[in-house]
Amino acid sequence: MTGVTATVGSASLAARLSQTLAEIRKADSVAYLTLFLVAVFGFTSWYFALAGQLALLAVLLVPSLAKRPALWGLLAIVGSITLVLERDLADNHKYLLCYWLWVMCLAHIPDGREQRDEIIRFNARFFLIFIFLGAAVQKFVSSSYMSGAMFELELLLDGRFQAFAQLTGMDAGLGVESVRRLLLLSNPYVQVVDSKIMLLPDDRVHLVANLITLYDFYVQVAIGVLLLFRRAATDIAANVLLLFFIFTTYIPAPVLGFGFTLSVLGYALVKERSQWLSALYLLSTVAVLFYQIPWRDWVLGT
Amino acid sequence: MRFSQGLERWVMLCVIPAIALTVSARQLYLSVMDDLSTWKGGGMGMFAGSEALTRFAKVYLTFPDGRRHPLLRLTDKQEELKAQVLNYPSERNLRALANSIRATTWWASTTRVPLNVFGRDGQKIRDGTEQLYDLYAAHPRTASEPAEFRVEIEYWKATYDPKTREYIGVLARTFKLED
């Protein structure tokens with residue numbers, strides 16, 4: 001009797017979850033997710049933060065405002081002003097946020113839902129290809145990426161990767177001594193012979209750096225290329241890889257706003273087409289938020 | 001009519017991608033020609049290069065009698081300007097940092113710091129013969145305090161070879177703010 005009840009209960013829970021997911025997909029969930037992105041991971045300038053918070057408040061009170069191009073246009077204009085003022089110093093993913101706000105503005109101009117969804121899907125696909133193939137090209141032509149030097153330096157010298165490096169078994173002392181030598185070289189009160197220092201990566205650092213380099217490069221190439229084909233099978237493969245990328249990369253990578261943006265783009269691409277991929281993208285937004293927990297401090301004991 | 005609708009549809013679909021591609025091409029150009037960081041400016045080169053770890057700047061004040069003193073302790077605002085220089089060492093950014101330093105009155109410490117010599121293993125080889133004052137930012141310079149110094153900013157780039165484990169700094173450019 002208990003077994004039957006449990007089965008019925010779990011079937012009912014699954015049905016309710018499925019129903020909830022269907023309702024989320026039917027709603028303007030891409031717009032809501034974008035607004036959340038703006039409010040939580042937007043530009044840090046006071047005027048953009050204020051505009052984002054006011055927009056969020058307005059949509060919470062009057063949800064239909066999320067369909068108004070004026071709302072998105074206002075956010076896009078404020079974001080663009082910020083970008084123009086900081087054009088050479090803004091992080092790349094801030095540009096991406098600004099483009100996406102303009103996409104949301106344009107998409108909400110036509111009356112028909114079909115045309116709106118087409119603009120959102122087309123641009124989501126374009127920007128995913130642009131991000132991943134653009135990154136792959138820059139990495140391929142970079143003087144320090146393909147040799148593994150870039151990630152070796154990150155593991156040794158970048159404090160943000162210190163906890164991850166320790167988890168992979170790197171001796172913390174190697175990083176500390178490498179940073180000390182780097183500080184000597186950049187200190188104008190010190191002369192370093194021939195302006196040359198030796199860093200202290202061991203074989204493990206070298207191996208981990210090379211593995212991350214290979215993973216990062218080839219997964220990005222694969223996602224970008226697969227999305228180019230616009231076929232069901234290649235799209236599923238690309239989305240699975242993209243989800244894998246989001247779930248794994250943003251644990252150590254300290255650019256969570258970019259991870260959240262990828263989740264929104266991925267969700268926008270599959271929303272109308274796949275229930276389970278939509279669910280996984282929504283889950284990935286939650287995962288990215290959880291990656292903010294201070295796990296680095298726990299690892300480092302600070 | 002149909003042509004116009006089709007055109008409108010394609011404009012709506014492609015206008016933002018076209019802007020993104022243009023900005024990205026500009027970023028690539030500035031990155032190659034003017035050392036703009038791959039992390040900045042609207043390309044998609046995050047984690048493509050390690051500019052933050054392979055660029056540094058050394059700032060000096062030079063005096064009419066030939067003395068040249070380094071500045072290590074910049075103000076918070078000047079540290080921000082220095083970070084901008086390292087991300088994009090353009091004439092404009094270098095000049096902004098130099099102007100800010102020139103607009104500050106600097107005080108010297110009472111003791112002097114020897115310019116010690118270190119080897120590539122980070123160990124001191126010998127004490128330096130030259131001794132320099134440690135300089136501190138005092139306050140914004142007023143009109144009644146003429147700047148009796150010029151500002152020099154050295155922009156350094158480093159390369160790292162994972163095989164030899166050598167990290168080598170090279171002076172890429174010296175910017176001098178003249179009178």
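Reply: A crossing is called left-handed if the near helix is turned anticlockwise from the far one by less than a right angle, and right-handed if clockwise. The model is a predicted one, in which local features need pLDDT of at least 70 and side-chain atom pairs count only at pLDDT 80 or more, while totals for chains, interfaces and linings use all residues. Residues are numbered from 1 along each chain as its sequence is written, and chains are lettered from A in the order in which they are written.

The crossing of α5(A) and α12(A) is left-handed. Helix α5 (residues 92-107) and helix α12 (residues 256-270), both of chain A, pack at an angle of about 35° with their axes 9 Å apart; helices here are DSSP runs of H or I with at least four residues, and strands are runs of E with at least two, numbered from the N terminus. Axes are lines fitted to C-alpha atoms, for helices over the stretch in contact, and angles run from 0 to 180 degrees between N-to-C directions. On α5(A) the contact is made by A:His93, A:Leu96 and A:Leu97, and on α12(A) by A:Gly257, A:Phe258 and A:Thr261, contact meaning that C-beta atoms, placed from the backbone, lie within 7 Å.

Between the chains, the contact takes 54 residues from chain A and 50 residues from chain B. Of the side of chain B that touches chain A, α1(B) gives the largest share, seven residues. Strand β2 (residues 196-198) of chain A runs antiparallel to β8(B), joined by three bridges, where strands pair if DSSP finds at least two bridges between them; A:Lys196 has B:Ile168 as its bridge partner in β8(B).

How values were computed
Two residues are in contact if their C-beta atoms, placed from the backbone, lie within 7 Å.
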